[in-house]
Amino acid sequence: MPEAAPPFLIYLLGALIVPFLRGRFRQVFALAIPVIGFVNFYLIDKGVHWKVDLLEFELILGRADGWSLIFTHIFTVVSFVGILYILRDNVALDLSAGLLYAGSAMGAVMAGDLITLFFFWEMLTLGAVLCLLARRTPSSGRAAKRYLLVHVFGGVVLLAGLVLHLAAGGSTAFDKIELSGVGPWLIFLGFGINCAWPIVGAWLTDTYPEASVGGLIFMATFTTKTAVYVLARTFPGEPVLLWIGVAMVVLPLFYAAIENDLRRVLAYCLINQVGFMVVGIGLGTTLSLNGTAAHAYCHVLYKALLFMAIGSVLYRTGKSKATELGGLVRSMPVTCLFCCIGALSISAPLFAGFVGKSMIISATASGGYGTVFLALLFGAAGAFLMAGIKVPYFAFFGRDSGLRCEEAPLNQLLAMGTIAVVSLLVGTLPHQLLYPMLPDLSVSYEPYTVGHVTDQILFLLSCGLAFVLMLRAGWYPAEIRATNLDADWLYRKGGPFIYRLADKSLNAINAAVARGFLGRFVPGVTNFFESGGPRLACFVMTPLWAIQRLTPEETDAARHSVFRRAKHGAFPIGITAFFAVILLGLLSLLMRF
Amino acid sequence: MPSPKPSPGGKSAPPAPRKYFKLLVAACGFFLLLDLVFRLTGFDKHPYLKWEQWPGFYGIGAFAACILLVTISRFVVRPLVKRDEDYYEKSSSEPGGKSDA
């Protein structure tokens, strides 16, 4: 059997070569990379591979176990459908960005030590920034800058944490870290920024809607899920994660309900779903950790499908806001069907979400965490209401916007169809396809019990009923073109404020110094050394000239003569000697005392 | 063909779907009834928490959660956080959703 190659290597090489190819050849090559990645995935044996020595550190580029393999698997699936989805336009930047992003994510989850992880962690940011730039609008360019600033900050926090951790005697092993001391806390926070925790995660809903149509599929998959993976590796069972997760599950939904841009609604729901995973990590039980891995796998599927469906709407109509869309089922029936499958995949029986997320909810219930359980139920209802009902309804049904366009292009439909089929397969055959990939095989879970299925159907139908009744009663908030303030305000308004503050204060000091020192003091000193001598001489000579009874004209002429001679250093010997004698006389007087 | 008229204020008041409303209500009623039957016959749903055994817990819970979510968003969150669409970028005159096609 041939040896497996590091997955990241295949993708990064692909990303480097793509820009040099042209036309159909480029399309075939770009699509071949994930296919090769897929074949390569099945060649990877469990264990530790590809060790490289760097200085005194041993870098481990491949640690293949349950955790890393399930994440690498779903990343490979998404890289294939993502590339297929953007294949039609055949833009080198988009294709390269997708491959680079996917390769970096795989490098990060396969990393066996913290140094390798950090390297790929930073590469992820590069991939995301390219996906934002690929939109090629002024506002996406600005969003890319904001994304870069936030993630460079996050990277510095992580690096500082790693350095302190190593300096305090910690190892570079990418395993469970005790959350005590400044270093581990900084590492924790660095991971949390990428995981889109409350406040520090505002970059996600700020920038994701600015990404290119295809780039968003990669963005929605790699950064946050890699962060979930590293948290599950390094801080499993950390109680504070439980409450961070609950906040992530609950808070973004209130924004999703009033948000107009449907891609941003999905972004808020993405944070909500990642919150479930963080709760699973915080619980730290075998079932909840398995649930985190399973939910990450399933979530990536349906979130990619939903982003693709709305992406196709944006691709065809140029619009993604609820106020501008509606009634598109007439123009894009197949895309609408896939969007509905994506919606059902969030948590309906027979689809992926049902067999993943329910493990985490069951783990909270079986662990006796009643409050967390209720928060997760609230989050599950809200997520289905927003991503599962609001998004398809406002885009494809509801008020007819009058937009008429073509159905999504074939490659996009194929990509969506692939994900829809995978979601159905995973949902119907979890014991064959999903559960054998989970990190801990010692625990068994059965999602399809009569009680669970009927409860879940009633749960989802009730969400639908609530939505319809609220619409009929006029209770559901009208979609309004507006900006909703979030924590991104801190850097979008706070950043410029600090800039202006620095501008006003530091530049004022600068100006005052320029005025006072350069404008007055320096010319004064120059003037003193230039004309101080002759002025002194004139001061001494004026009484003598008066005794000599010189006329005012003669006095002026004498003064001019002193100044001219001082400038040229050309006093007559007599005067110089006269002053020298006076000076010597004064000195000899001084010597007597 | 229904008349497409986005209102000038950019607001949209979507009409409620009527066709399947009765079907939806009937389905909810059916599963609620089924849950009640489970409870009365003592069918074991393997619950972890005692609430889960209450008939219709998941239905009523989801319904209440949706109403609560929308109500808080509409009457508390929106008045607090809503700003003009060009709040951050006053000069943005580019079309909102230019596709990269």
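Helices (H or I, at least four residues) and strands (E, at least two) are taken as DSSP runs, numbered from the N terminus. The structure is a predicted model, in which local features need pLDDT of at least 70 and side-chain atom pairs count only at pLDDT 80 or more, whereas totals for chains, interfaces and linings use all residues. Residues are numbered from 1 along each chain as its sequence is written, and chains are lettered from A and ligands numbered from 1 in the order in which they are written.

Within chain A, A:Arg330 is placed in the loop between helix 12 and helix 13 (333–345). A residue is termed buried if 20 or more other C-beta atoms lie within 10 Å of its own, exposed if 12 or fewer, and partly exposed in between, with C-beta atoms placed from the backbone. A:Arg330 is partly exposed, because 14 other C-beta atoms lie within 10 Å. The C-alpha atom of A:Arg330 is separated by 8.9 Å from that of A:Phe397, a residue 67 positions apart along the chain.

A domain assignment, automatic or from a database, divides chain A into domain 1 (1–232), domain 2 (236–484) and domain 3 (494–592). The centres of domain 2 and domain 3 of chain A, taken over C-alpha atoms, are 82 Å apart.

Strand 1 (residues 47–54) of chain A pairs with strand 2 (residues 57–64) of chain A in the antiparallel sense over seven bridges, pairing being assigned if DSSP finds at least two bridges between two strands. Strand 1 of chain A lies largely in the open, because the number buried among its eight residues is zero. Helix 5 (residues 114–133) of chain A, by contrast, is mostly covered, with 15 of its 20 residues buried. From its first C-alpha to its last, helix 5 of chain A reaches 29 Å, close to the 28 Å expected at 1.5 Å a residue; the expected span is 1.5 Å times one less than the number of residues.

Most residues other than glycine have a negative phi. In the loop between helix 7 (182–194) and helix 8 (202–207) of chain A, where A:Ala196 is found, the phi of A:Ala196 is positive, near 60°. A:Ile199 lies in the loop between helix 7 and helix 8 of chain A and has a positive phi near 70°. A:Ala196 is buried, since 25 other C-beta atoms lie within 10 Å, whereas A:Ile199, with 13 such atoms, is partly exposed.

Chain B contains two helices and one strand, arranged α-α-β from the N terminus on. Of the 101 residues in chain B, 19% are buried.

Between the chains, 70 residues of chain A are in contact with 56 residues of chain B, contact being defined by C-beta atoms, placed from the backbone, that lie within 7 Å. Elements giving two or more residues to this side of chain A include helix 6 (138–167), helix 12 (286–317) and helix 18 (450–472). Helix 18 of chain A supplies the largest share, 17 residues. The residues on this side of chain A comprise 36 nonpolar, 21 polar and 13 charged; Ala, Val, Leu, Ile, Met, Phe, Trp, Tyr, Cys and Pro count as nonpolar, Asp, Glu, Lys and Arg as charged, and the others, Gly among them, as polar. Strand 3 of chain A also pairs in the antiparallel sense with strand 1 (residues 82–83) of chain B, over two bridges. The bridge partner of A:Asn484 in strand 1 of chain B is B:Lys82.

Definitions and conventions
Contact = placed C-beta atoms within 7 Å.
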